[in-house]
Amino acid sequence: MDLSVIDWSDIGVATWETLVMTGVSLFFTILLGLPLGILLFVTARRQLLEQGFVYAVLSFVVNVLRSVPFLILLIVMIPVTVILIGTSLGVEGAIPPLVVGTAPFFARLVENVLREVDRGVIEACQAMGIRTWRIIFGALLPEALPGLIAAVTVTAITLMSYAAMSGVIGGGGLGDLAIRFGYQRFQTEVMVITVALLVVLVQIIQYSGDRLVLYFTRK
Amino acid sequence: MIRIENLHKTYRAADGRDVSALADVSLEIGAGEVFGIIGRSGAGKSTLIRTLNLLERPSAGRVLIDGEDITSLDSEGLYALRRRVGMIFQHFNLLNAKTVADNIDWPLKATGHTDATARAARVKELLALVGLSEHGHKYPSQLSGGQKQRVGIARALANRPQLLLCDEATSALDPETTQSILRLLLDINRQLGLTIVLITHEMQVIRTICDRVAVIDGGRIVEAGRVADVFLHPQHPVTRSMVAQSDALAAASYDPAHAYMSDKLRGTLVRLTYIGDVTYQPILSRIMAGAKVQITILQGEVSSIKDVPFGQLLLELEGSEDDIGAVFAELDRHQIHHEVLQ
């Protein structure tokens, strides 16, 4: 392997782009997915604000979005992305499909994490005469915090691999580099380095996530 | 304080059939009273206590607290009611993510008490009341079961309720810890004049702190009254079997048909029951002094139920019918209850 063919500044830029794509889309994924997950949880049967119809609709939408393979979503989303931010290319162009692809996934994770919170604790809050919204934000979410952090960790890693995939339709970052140089120009070295970098980044995210979960666990 | 009128609760089971959890329950509970509801698991006692703060909505009937029908409250009214009614649970149900002090502060903070200094003072007061002053900074996972229940009690008292509901509050604790929690509840009942309604399957809990008891079985109240009356003279088969299964009060449930000594008996089998101060008077010896009757004590207990002393003895009397009749007359004169069993 001849590492001299590698343009390290390209690698640096691509790594930065990958981090930006992951970070920004993680932000929007949480922004959309967290409320959606909370809504799924509280409207479900025998929960705080049981609403059968609302739950059924939300659940259906989430399932539909989750059943579209990400590669197809990337392509389907192109016109929407153009309307939203003016281009479907580069780092910005990759963010809308990334968010749409992972927000429903994250919402489901959130729903499951909230279900793990002891029912008795919620019931005790109800018995105290505390309003439902206050129970959600003051008791339910803090109790679920370690689980939520774990869900964010999993989602961040999913986003990073999706971000790499967006290289196929001209997104930026390490995936784009791997496809253009590693695949199309047969520069195996670039492929190896980008994959190695992705492995390292995923390890760092997982490790930090695990540490945070441990820090906030009071059980 | 509480009046339960013709309460019914029916569930729709998974297979579509209606299951009755409560059937025509009526009870009256006085202010300042410690009222126990005892029953086997599945008897409906948990459903019953949960209707008192509407965690469970009855299918029919009314629950009046201080004359107000809580089943007709709107959501604002229900919030207000629940702030006046504290509740503690078998599994404590503390918030794991909050410290002990924050757990106690939470019902105050979340129900509109904005003055943080006043809240902190109240939390300190409550921590002292339940004997956990040194533990405010800890998390629930660092506490023992008894300590967790103390936090539960402090939390339930934060909003100064007039009524405390205890849902199997000692069932997850060992006997020693149970006693210390019961003592605390009794202290609170006396110091604050708090009415306590508790459900349990343990007779010992009822005996230790309750003034009155209701026995529930199959969703119905089968027997109710002063604890000493109910446990020393159990009428219903369910109460009898409950009394029989406890180590104490063996004489109360004595059944000659099933007793090992029945075939060895020569005389008359009599059960004496006396409640109150008479327990500590030498009445038995006075009665026997002049009587021409042989007496054998077969079984018995002298103890107290809450703070009411009682004695209950199973005696075999041997003598002529007239002599035994004279003893009975003397017992009647001293108002000692006696039943001839065989």
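**Exercise 1.** State how far apart the centres of domain 1 and domain 2 of chain B lie.

*Solution.* Start with the bounds, which come from an automatic or database domain assignment. Domain 1 of chain B covers 2–245, and domain 2 covers 251–340. Take the centres over C-alpha atoms: they are 38 Å apart.

This is a predicted model, in which local features need pLDDT of at least 70, side-chain atom pairs count only at pLDDT 80 or more, and totals for chains, interfaces and linings use all residues. Residues are numbered from 1 along each chain as its sequence is written, while chains are lettered from A and ligands numbered from 1 in the order in which they are written.

**Exercise 2.** Describe the side of domain 1 of chain B that touches domain 2 of chain B.

*Solution.* Count contacts first (C-beta atoms, placed from the backbone, within 7 Å). Domain 1 of chain B brings 14 residues, domain 2 of chain B brings 9. Next, find the elements; helices are DSSP runs (H or I, at least four residues), strands likewise (E, at least two), numbered from the N terminus. α7 (203–209), α8 (227–232) and α9 (237–245) of chain B each give two or more residues to the domain 1 side. α8(B) gives the most, with 4 residues. Finally, sort the domain 1 side: 9 nonpolar, 2 polar and 3 charged. Here Ala, Val, Leu, Ile, Met, Phe, Trp, Tyr, Cys and Pro are nonpolar, Asp, Glu, Lys and Arg charged, and the others, Gly among them, polar.

Notes: Contact = placed C-beta atoms within 7 Å.
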